[in-house]
Structures are given as structure tokens and as C-alpha cells.
Amino acid sequence: GKFLGTAKDKTNSDANRDKWIAKDQDGNDVIAPLTGFLFNDTDGWIDNELVFNGIAGAEIPIKPLANNARYGFTLDIEFASKPIGVDDALVLDLWDYNKNCGVKITTEEMIIRSAVGNEARLYYEEDTITSAMFVIDRNEKKAKIYLNGVMCSAFNLSDYESNGVMT
């Protein structure tokens, strides 16, 4: 599924400020509950951005890797992060902890890892707006990470993985 969300024109005084309402590929509403936000001058909907601080989080109710990205996968995200004193803090978590694979962004690095252990890792600069794209390309049999539009890390998918069993 798709989550086509934007923070444009959202404010901390909106009646539904605790929900991120976006659209899926068919134009249907997808509602991501927001938790742990204070909705003040340090977190929430600020200057056309959703700013996370402390324990704030959003759970987007889609599972793009649930069917093993059988036909491919692209995740495009723009974000900025900074260290918050929590070693395992996550910006994005699409990780299958049982299989130790998936996609995640920590406050320091981006990771895409296959079920057989192939992985690409990429460190990025904190406190900077970063554009990241994770791609599983079934035609090229590759998994890739793009940083600000440039492919910076990749690995080949094995025959097993390229048949739709990435995660």
C-alpha cells in the first residue's frame, strides 16, 4: 500500500492534530495515529512539518513488506534527525525482528537487510534535511539506498530473494 502524506497546512491547533490523515494509491483515507506529542513549539505540526521530539511517534497502518515485496518496493522519505540520547532510537521502522531483516532508519544510519543477511548501510548527516529512498528492484535483482537522489549503497539479491522472498 501507499501512504501519501504531507504536513502542509497542518497546525497544532487543528481539531484532529493527533492523527496524520493521508491517502492511499486509490485515494482512500489512511489514518496514522500520533502518540506522545505535546503539540507545542517543540513538537507536532510546525511550519509545514511534523516534528517529533522525545517519545513522540506515528504508526502508519500499512505493511509494505508483508508480501515480501514480491513485485518490488520503493520508499521515499524526507526527514531530519538529531541525537536524543537514546542509542536505539528509530526514525523509521519497517523491520521484521523475528527474521532480522527489513528497512530502518536510526538517528545515524539507514539500513536495508534481506532475510539471508545481505545488507546495505549508509550513514547520513544529522540535523540536515535528508532525502532517502530504499528500493527493491526485482528486474535488476538489487536492493538499493539512495541519499539525496544518488545511489550510495546496494547489494545483489540472491536467486531466492529475487523470486520474491526478500523478507
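Visitor: Why is the contact of Lys-144 with Asp-137 called a salt bridge?

Guide: The closest N and O atoms of Lys-144 and Asp-137 are 3.7 Å apart. A salt bridge requires a side-chain nitrogen of Lys or Arg within 4 Å of a carboxyl oxygen of Asp or Glu, so the pair qualifies. The model is predicted: local features need pLDDT of at least 70, side-chain atom pairs count only at pLDDT 80 or more, and totals for chains, interfaces and linings use all residues. Residues are numbered from 1 along each chain as its sequence is written, and side-chain values use heavy atoms, with hydrogens and water left out.

Visitor: What makes Lys-144 and Asp-137 buried?

Guide: Buried means under 20% relative accessible area, exposed over 50%, and partly exposed in between (1.4 Å probe, protein chains only). Lys-144 has 6% and Asp-137 has 18%, so both count as buried.

Visitor: How many salt bridges does the rule give?

Guide: The count is eight. One of them joins Arg-121 to Glu-109, with the closest N and O atoms 2.9 Å apart. Arg-121 belongs to strand 10 (residues 119-123) and Glu-109 to strand 9, so this pair ties together parts 12 residues apart in sequence. Strands here are DSSP runs (E, at least two residues), numbered from the N terminus. Arg-121 also meets Glu-119 in a salt bridge, at 2.5 Å from N to O.

Visitor: Why is strand 8 described as largely enclosed?

Guide: Six of the six residues of strand 8 (residues 101-106) are buried, so the rest of the structure largely encloses this strand. Both faces are covered: Cys-101, Val-103 and Ile-105 are buried on one side, and Gly-102, Lys-104 and Thr-106 on the other.

Visitor: How do you know that strand 8 pairs with strand 7 and with strand 9?

Guide: Two strands pair if DSSP finds at least two bridges between them. Strand 7 (residues 90-96) and strand 8 have six bridges, in the antiparallel sense, while four bridges join strand 8 to strand 9 (residues 109-113), also antiparallel. Asp-96 stands opposite Cys-101, and Gly-102 has Arg-113 of strand 9 as its bridge partner.

Visitor: What lies between the strands of each hairpin?

Guide: Four residues lie between strand 7 and strand 8, and Asn-100 in that hairpin takes a positive phi near 55°. The hairpin of strand 8 and strand 9 has two residues between its strands.

Visitor: What makes strand 1 and strand 5 edge strands?

Guide: An open sheet of three strands has the order 1-2-5, with antiparallel pairing. Strand 1 (19-23) and strand 5 (57-58) each pair on one side only. Strand 2 (residues 29-35) and strand 5 have two bridges, and the threshold is at least two, so they count as paired. Leu-34 stands opposite Ala-58 in strand 5.

Visitor: Why is Asp-76 called exposed?

Guide: Asp-76, in strand 6 (residues 73-79), has 53% relative accessibility, so it falls in the exposed class.
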